[in-house]
Amino acid sequence: MIKNNINTKIIGNNIIYYDEVDSTNSIAWDIALNNKNCEGTVVIANTQKSGKGRGKNIWFSPPCTGLWMSVLLQPKLNPIHASKFTMLASLAVADALRNVANVTPVLKWPNDVLINSKKISGILTEMKNETDIINFLVIGIGVNVNIVEFPSELRNTATSLMIETNKEISRDELLQHLLIEMDKLYLSFQSDGFLPIRDKWQEYSDIDGKFVKIKNFPGNGNSEIFQGQAIGIDEDGLLIVRTDTGIQKKVQSGEVTIL
Ligand code: BTN
């Protein structure tokens with residue numbers, strides 16, 4: 001039904017639905033390992049038994065209440081570009097939420113979508129790559145749609161569209177918009193590069209000028225913690241922070257706390 005209602009070029013050309021899975025990311029990963037061409041395939045489930053969040057967190061994925069999905073992409077690019085696709089996905093989520101539910105989402109670098117300072121959606125991108133080429137990306141997207149109540153440990157930090165709007169939102173409609181937005185952005189990335197996406201992303205972000213604490217994961221296994229003032233997002237999607245000692249640092253991946 002979803003496929004018949006959208007007219008996308010790449011994203012959603014193949015949609016695989018499950019009632020229950022451990023994690024749509026794991027299913028998508030296996031599909032990509034076994035299929036040379038899986039660009040645009042979407043795996044979606046009604047519920048996940050062990051949905052994966054960032055930093056080994058479990059992603060709360062109860063039945064019938066959210067979009068729990070993974071999108072496979074195969075951009076012929078160096079792995080350093082991977083995080084741009086996480087930003088592309090979070091931008092697509094923000095656009096879809098605004099268009100369907102008339103809410104005003106805020107994007108928190110690198111991958112969170114917030115409403116009223118609480119998380120409504122998160123993205124977990126996993127990648128298989130060689131030294132200089134991406135084999136595939138699994139872009140896992142979780143959107144809390146009609147969740148009425150969160151477990152106590154999430155109550156202060158998580159929200160859903162239902163909680164924010166007091167309305168039940170059609171998951172089908174939201175999914176269709178999300179796939180359409182993501183397709184548009186992916187095509188725009190292919191024709192015009194990342195800058196227009198970065199610019200649009202920044203319109204949803206309110207981090208510029210704020211004082212932040214960064215737990216940086218530079219990729220060499222050693223994390224570092226520092227504080228500073230967020231200056232913006234650079235042309236590659238890295239967060240620029242002026243540290244307390246006046247040095248400008250670029251953060252590729254990490255956790256940001258607004259102070
Ligand atoms: C985060 O911690 O912010 C990332 C959450 C990503 C959750 C989604 S739900 C669908 C997909 N499958 C998973 O196992 N995780 C992602």
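Biologist: The expected span of a helix is 1.5 Å times one less than its number of residues. What should helix α3 span, and how far apart are its end C-alpha atoms?
Modeller: This is a predicted model, where local features need pLDDT of at least 70, side-chain atom pairs count only at pLDDT 80 or more, and totals for chains, interfaces and linings use all residues. Residues are numbered from 1 along each chain as its sequence is written, and side-chain values use heavy atoms, leaving out hydrogens and water. Helix α3 covers residues 82-101, and its 20 residues should span 28 Å; the end C-alpha atoms are 29 Å apart, which agrees. Helices (H or I, at least four residues) and strands (E, at least two) are DSSP runs, numbered from the N terminus.

Biologist: How many residues of α3 are buried?
Modeller: 17 of the 20, so α3 is largely enclosed by the rest of the structure. Buried means under 20% relative accessible area, exposed over 50%, and partly exposed in between, with a 1.4 Å probe and protein chains only.

Biologist: What follows α3?
Modeller: N102, with a positive phi near 60°. N102 sits in the loop between α3 and β6 and is exposed, at 69% relative accessibility. Most residues other than glycine have a negative phi, and most peptide bonds are trans.

Biologist: Where is the cis peptide bond?
Modeller: Between W109 and P110, with omega about 5°. P110 is in the loop between β6 (106-108) and β7 (112-115).

Biologist: How far is the side chain of K119 from an oxygen atom of the ligand?
Modeller: An N or O atom of the K119 side chain is 2.6 Å from that oxygen. For S23, a polar side-chain atom lies 2.7 Å from a ligand oxygen. N25 has a polar side-chain atom 3.5 Å from a ligand nitrogen. A polar contact here is a pair of N or O atoms within 3.5 Å.

Biologist: And the sheet: in what order do the 5 strands run?
Modeller: β13-β12-β11-β10-β14, an open sheet with antiparallel pairing. The edge strands, β13 (248-251) and β14 (254-258), each pair on one side only. Pairing requires at least two DSSP bridges between two strands. Strands β11 (residues 224-233) and β12 (residues 239-243) pair over 5 bridges, and Q229 stands opposite R242 in β12.

Biologist: How many disulfides does the structure hold?
Modeller: 0, the criterion being a pair of cysteine sulfur atoms within 2.5 Å. C38 is buried at 3% relative accessible area, while C64 is partly exposed at 46%.

How values were computed:
Polar contact = N/O pair within 3.5 Å; in protein donor to acceptor, adjacent residues only side chain to side chain.
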